[in-house]
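Good morning, colleagues. I should like to present one structure today, and I ask that you keep its sequence and its model in view while I speak.

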Amino acid sequence: MLQHCQMFAAYNRWANERVYAAAAELTEDELFRDTGAFFGSLFGTLSHILVGDRIWMRRFTGEGPTSRALDERPYETLADLAAARQVEDERIIRWVDGLDEASLDARISYTTIVKPEPISHKLGAAVAHFFNHQTHHRGQAHMALTALGKPSLVLDLVYFQRQEGQQWI
């Protein structure tokens, strides 16, 4: 499980770099246009991914910024959002590199923003959700780009493994 988490932390950074590079090519109108994604625009979707990651990292580590709403937009510009994304991706990699199998098997407890009732389960299950959540919403970011008529991005895990993650294949 630990190697799987390390692979996904590296993949997360790789995929985010590609999505943000594509977003940087958009006009302001395109970036903020509602494309029918769950969080509306590409900017709203990218904001949600960062917000979600920060919420989970706060649960995992007890440190770092967090949010009070899942649709919060902590930054007004793509440049600021991208800079925060890079910092968060490196933070995720460092945190995962500090884990061991025993910690993934340990239980964590937290409350959610949407329904503040106590939840407890294994850290490994939460980390699996954490990475799946990122992938899910990056898929929506990809949809937003294609809805705007932009070229399709290659974000498949296997391409990451072939290009930069060969230690995991």
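L50 is located in helix α3. Helices (H or I, at least four residues) and strands (E, at least two) are DSSP runs, numbered from the N terminus.

Before I continue, a word on the source: this is a predicted model, in which local features need pLDDT of at least 70 and side-chain atom pairs count only at pLDDT 80 or more, while totals for chains, interfaces and linings use all residues. Residues are numbered from 1 along each chain as its sequence is written, and side-chain values use heavy atoms, with hydrogens and water left out.

Which residues does L50 contact, leaving aside its neighbours within four places in sequence? They are P74, Y75, L81, A84, R85 and E88, where contact means heavy atoms within 4.5 Å.

Let us turn to the pair of helices α3 and α4. Two packed helices are described by the angle between their axes and the distance between the axes. The axes of α3 and α4 come within 10 Å and cross at roughly 30 degrees. Such axes are lines fitted to C-alpha atoms, for helices over the stretch in contact, and angles run from 0 to 180 degrees between N-to-C directions. The crossing of α3 and α4 is left-handed, that is, the near helix is turned anticlockwise from the far one by less than a right angle.

On the α3 side, the residues that meet α4 include F43, L46, L50, M57 and F60; on the α4 side, those that meet α3 include L78, L81, R91 and W95. The residues of this contact divide into eleven nonpolar, two polar and six charged. In this division, Ala, Val, Leu, Ile, Met, Phe, Trp, Tyr, Cys and Pro count as nonpolar, Asp, Glu, Lys and Arg as charged, and the others, Gly among them, as polar.

R91, in helix α4, is buried, with a relative accessible area of 14%. Not counting residues up to four places away in sequence, R91 touches M57, R58, T61, E63 and G64. T61, in helix α3, is partly exposed at 27%. With residues up to four places away again left out, T61 touches R91 and W95. T61 and W95 are 34 residues apart in sequence, and their C-alpha atoms are 8.3 Å apart in space.

What, then, of α4 as a whole? Its end C-alpha atoms are 28 Å apart, which agrees with the 28 Å that its 20 residues should span at 1.5 Å a residue; the expected span is 1.5 Å times one less than the number of residues. Among the buried residues of α4 are A84, D89, I92 and V96. What covers the buried residues of α4 includes α1, α2 (28–32), α3 and α6.

I come next to the largest nonpolar core. A nonpolar core is a set of buried Ala, Val, Leu, Ile, Met, Phe, Trp, Tyr and Cys residues joined through side-chain atoms within 4.5 Å. Of its 45 residues, L42, L46, F60 and F131 touch the most other members. The elements that give two or more residues to this core are α1 (2–23), α3 (42–61), α4 (78–97), β1 (107–110) and α6 (123–147). Which element gives the most to this core? It is α1, with 13 residues. F60 touches W95, I108, L123, A126, V127 and F130, not counting residues up to four places away in sequence.

Finally, the region around α7 (residues 157–163), where Q161 lies. At 12% relative accessibility, Q161 counts as buried. Q161 and Y11 are 150 residues apart in sequence and 8.1 Å apart in space, C-alpha to C-alpha. W168 lies in the segment after α7 and, at 24% relative accessibility, counts as partly exposed. Leaving aside its neighbours within four places in sequence, W168 is in contact with Q3, Q6, M7, A10, F160 and Q161.

Technical notes: Buried means under 20% relative accessible area, exposed over 50%, partly exposed in between (1.4 Å probe, protein chains only).
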